[in-house]
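Please look over the sequence and the three-dimensional structure shown here before reading on. The notes that follow are grouped by topic, so that each can be traced on the display.

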Amino acid sequence: MNVNLTPKPINFKFGEYINKGFELMKKDFGGVFVGFLITFLMSIIPFCGLLAMGNFYKYLRKLSKNQNPTAGEIFDFKDFMPYFILQLIIIGGVFVLYIPFIFFGGLAALTADGNGESNPMFAILMFPYMFVMLFAMYYFLLKGFYIAPLISFKGVTDIKTAWNISKVMTKGNLLNIFLFSFVASLLSQIGIIACGIGLFLTLPFMYTANYFAFEDAIQQIEYDEITEIGIKEKY
């Protein structure tokens, strides 16, 4: 674990992240949009989607701090391995969740009657499993909400460590994170109204809002050694 981190449940500031996301978009829409386009292009490269996203958050971090980043910085492969491993874990997890579908689908085909109609019991059994599968997927996505900033901002390359820290950070905040992600996603898709073309103008908002959620969370768990020394000296 990074010695400069003290994992704890985050004080999640829902409205603040949304507002700051809009403010950054208004302040430098051109910079955000260009960075988003480069991220979109890099995501086309196999197994580089999460890496591009993580690099875009680094880019937004510099942009928000007036450090004049270049869009080319998004094509940085320094964090490729942790994001590659994370993608493999996600793919493996989804495959495991779909095994029952494959199993029941095979049984339904084997037990079908002469008219090709399968036993309705299989369909009845699959409905509750679909809810369980969706719950499991959302649970792990929400508990792992802070894995990306831990990799990109703090260099936590061990996925298990990042997962354990993120679990602590999201404790008591799963509903807030879910609602935040839902609202940010909804607002980012307003561009669909403009026949889909405007989607590229609004979709970057989701990333800017997420960036401020990540930045604030990282600041809350960073261990400030100088402040700690000052506190001890008072006693």
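This is a predicted model: local features need pLDDT of at least 70, side-chain atom pairs count only at pLDDT 80 or more; totals for chains, interfaces and linings use all residues.

In this briefing, two residues are said to be in contact when they have heavy atoms within 4.5 Å.

**Helix 2 and helix 3**

- The axes of helix 2 and helix 3 come within 8 Å and cross at roughly 165°; because angles over 145 degrees count as roughly antiparallel, these two helices are roughly antiparallel to each other.
- The crossing of this pair, helix 2 with helix 3, is right-handed.
- On the side of helix 2, the residues that meet helix 3 are Gly 31, Val 32, Gly 35, Phe 36, Thr 39, Met 42 and Ser 43, while helix 3 brings residues including Gly 49, Leu 51, Phe 56, Tyr 59, Leu 60 and Leu 63 to the contact.
- Sorted by class, the contact of helix 2 with helix 3 holds 10 nonpolar residues and six polar ones, with no charged residues.

**Helix 1 and helix 8**

- For helix 1 and helix 8, the axes come within 10 Å and cross at roughly 25°; because angles under 35 degrees count as roughly parallel, helix 1 and helix 8 are roughly parallel to each other.
- Their crossing, that of helix 1 and helix 8, is right-handed.
- Phe 14, Tyr 17, Ile 18 and Phe 22 of helix 1 meet Asn 176, Leu 179, Phe 180, Val 183, Ala 184 and Leu 187 of helix 8, and this contact of helix 1 with helix 8 consists of nine nonpolar residues and one polar residue, with no charged ones.

**The largest nonpolar core**

- The largest nonpolar core has 50 residues, and those that touch the most other members are Leu 60, Tyr 146 and Leu 150.
- Among the elements that give two or more residues to this core are helix 1 (14-27), helix 2 (29-43), helix 3 (49-64) and helix 8 (174-188), whereas helix 10 gives the most, with 10 residues.
- If neighbours within four places in sequence are left aside, Leu 60 is in contact with Leu 24, Val 32, Tyr 207, Thr 208 and Tyr 211.

**Two residues in a loop**

- Most residues other than glycine have a negative phi.
- Asn 66, although not a glycine, has a positive phi of about 55°; Asn 66 is placed in the loop between helix 3 and helix 4 and counts as exposed, at 53% relative accessibility.
- Asn 68, also not a glycine, has a positive phi of about 50°; Asn 68 lies in the loop between helix 3 and helix 4 and is exposed, with a relative accessible area of 68%.

Note on methods
Residues are numbered from 1 along each chain as its sequence is written. Side-chain values use heavy atoms; hydrogens and water are left out. A nonpolar core is a set of buried Ala, Val, Leu, Ile, Met, Phe, Trp, Tyr and Cys residues joined through side-chain atoms within 4.5 Å. Buried means under 20% relative accessible area, exposed over 50%, partly exposed in between (1.4 Å probe, protein chains only). Helices (H or I, at least four residues) and strands (E, at least two) are DSSP runs, numbered from the N terminus. Axes are lines fitted to C-alpha atoms, for helices over the stretch in contact, and angles run from 0 to 180 degrees between N-to-C directions. Angles under 35 degrees count as roughly parallel, over 145 as roughly antiparallel, 65 to 115 as roughly perpendicular and the rest as oblique. A crossing is left-handed if the near helix is turned anticlockwise from the far one by less than a right angle, and right-handed if clockwise. Ala, Val, Leu, Ile, Met, Phe, Trp, Tyr, Cys and Pro count as nonpolar, Asp, Glu, Lys and Arg as charged, and the others, Gly among them, as polar.
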